[in-house]
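Subject: Structure handover

Hello,

Here is the structure I said I would pass on. Please look through it first, then read the notes below it.

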Amino acid sequence: MEQRISLVTLGVTDVDKTAGFYETMGWSRVDTPDNIVVYDLLGQSIGLYPLAGLAEDIGLPVESLGKGGMTLGQNLRSKEEVDALMAKVGGTGGKVLKQPQEVFWGGYHGYFADPEGHIWEIAFNPFSPLRAEDGAFCWGGY
């Protein structure tokens with residue numbers, strides 16, 4: 001697993017209110033599908049997503065995410081890289097929560113928890129290709 005984070009998704013109960021806070025703080029949204037708000041950062045992006053939708057996507061009850069539920073995301077270059085990384089999880093003390101699969105928005109992803117329970121999404125997003133020289137992520141690609 002490369003030492004980097006692509007996308008931090010914060011599960012929130014009120015996307016509009018939370019987005020308003022970040023925008024008041026000076027952040028600017030990028031174009032996204034409905035119910036998703038994303039801000040590009042320096043080398044990463046942070047997203048706001050409905051908490052109930054996040055729990056449903058992972059396959060866990062909302063209560064298990066706790067207050068301020070979030071996932072740490074790493075985008076990879078292909079579906080095959082997603083499969084290979086997810087295959088390593090069990091042997092390293094992690095727990096696969098959702099096997100890699102096609103996703104409604106056209107990508108491919110799976111979820112795992114580290115030994116302390118922090119949840120990671122490992123994904124391939126054909127609409128946001130990684131920068132070739134260093135694997136840097138930018139919503140919408142380079």
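Rings of Phe, Tyr and Trp (its six-membered ring) count as a pair if their centres lie within 6.5 Å; planes under 30 degrees apart are called stacked, over 60 edge-to-face, and the rest tilted. By that rule, F21, Y22, W27 and Y39 are linked by ring pairs into a cluster.

Before going on, note that this is a predicted model, in which local features need pLDDT of at least 70, side-chain atom pairs count only at pLDDT 80 or more, and totals for chains, interfaces and linings use all residues. Residues are numbered from 1 along each chain as its sequence is written, and side-chain values use heavy atoms, with hydrogens and water left out.

Aromatic rings

A pair of aromatic rings is described by the distance of the centres and the angle of the planes. The structure holds 6 aromatic pairs. One of them joins F21 and Y22 edge-to-face, with 5.2 Å from centre to centre and 75° between the planes. "Buried" is used for under 20% relative accessible area, "exposed" for over 50%, and "partly exposed" for values in between (1.4 Å probe, protein chains only). F21 is partly exposed because its relative accessibility is 48%, while Y22, at 17%, counts as buried.

F112 and W120 form a stacked pair, 6.4 Å centre to centre with 5° between the planes. F112 has 8% relative accessibility and so is buried; W120 is buried too, at 13%.

A charge also meets a ring in this model: the charged end of R131 sits over the ring of Y142, 4.7 Å from its centre. (The rule is that NZ of Lys or CZ of Arg is within 6 Å of the ring centre and within 35 degrees of the ring normal.)

The chain as a whole

The chain has 3 helices and 7 strands. These are DSSP runs numbered from the N terminus: helices are H or I with at least four residues, strands are E with at least two. Along the sequence they follow the pattern β-α-β-β-α-β-α-β-β-β. For 142 residues, a compact globule would have a radius of gyration near 14 Å, and the 15 Å of this chain agrees with that. (That radius is taken over C-alpha atoms, and the globule rule is 2.2 Å times the number of residues to the power 0.38.) Of the 142 residues, 44% count as buried.

The sheet

In what order do the strands of the open sheet lie? The order of its 7 strands is β2-β3-β1-β4-β7-β6-β5, and the pairing is mixed. Two strands pair if DSSP finds at least two bridges between them. β2 (37-40) and β5 (95-102) are at the edges with a single partner strand each, so one side of each has no neighbour in the sheet. On average, neighbouring strands of this sheet are turned by 20° against each other, direction ignored. (Axes are lines fitted to C-alpha atoms, for helices over the stretch in contact, and angles run from 0 to 180 degrees between N-to-C directions.)

Strand β1 pairs with β3 in the parallel sense over 6 bridges, and V12 has P50 as its bridge partner in β3. With β4, β1 pairs in the antiparallel sense over 4 bridges; here T9 stands opposite T71. β4 (residues 70-75) in turn pairs with β7 (residues 119-124), parallel and over 4 bridges, with A123 in β7 as the bridge partner of N75.

In a regular strand the side chains alternate between the two faces of the sheet. Both faces of β1 are covered, with L7, T9 and G11 buried on one side and V8, L10 and V12 buried on the other. Because 6 of its 6 residues are buried, β1 is largely enclosed by the rest of the structure.

The helix α2

Is α2 largely enclosed or exposed? Of its 8 residues, 6 are buried, so α2 is largely enclosed by the rest of the structure. The buried ones are L51, G53, L54, A55, D57 and I58. Their cover includes β1, β3, β4, β5, β6 and β7. L51 has a relative accessible area of 11%. Leaving aside neighbours within four places in sequence, L51 is in contact (heavy atoms within 4.5 Å) with G11, V12, T13, V62, L65 and G69. After α2 comes G59, with a positive phi near 95°.

Regards
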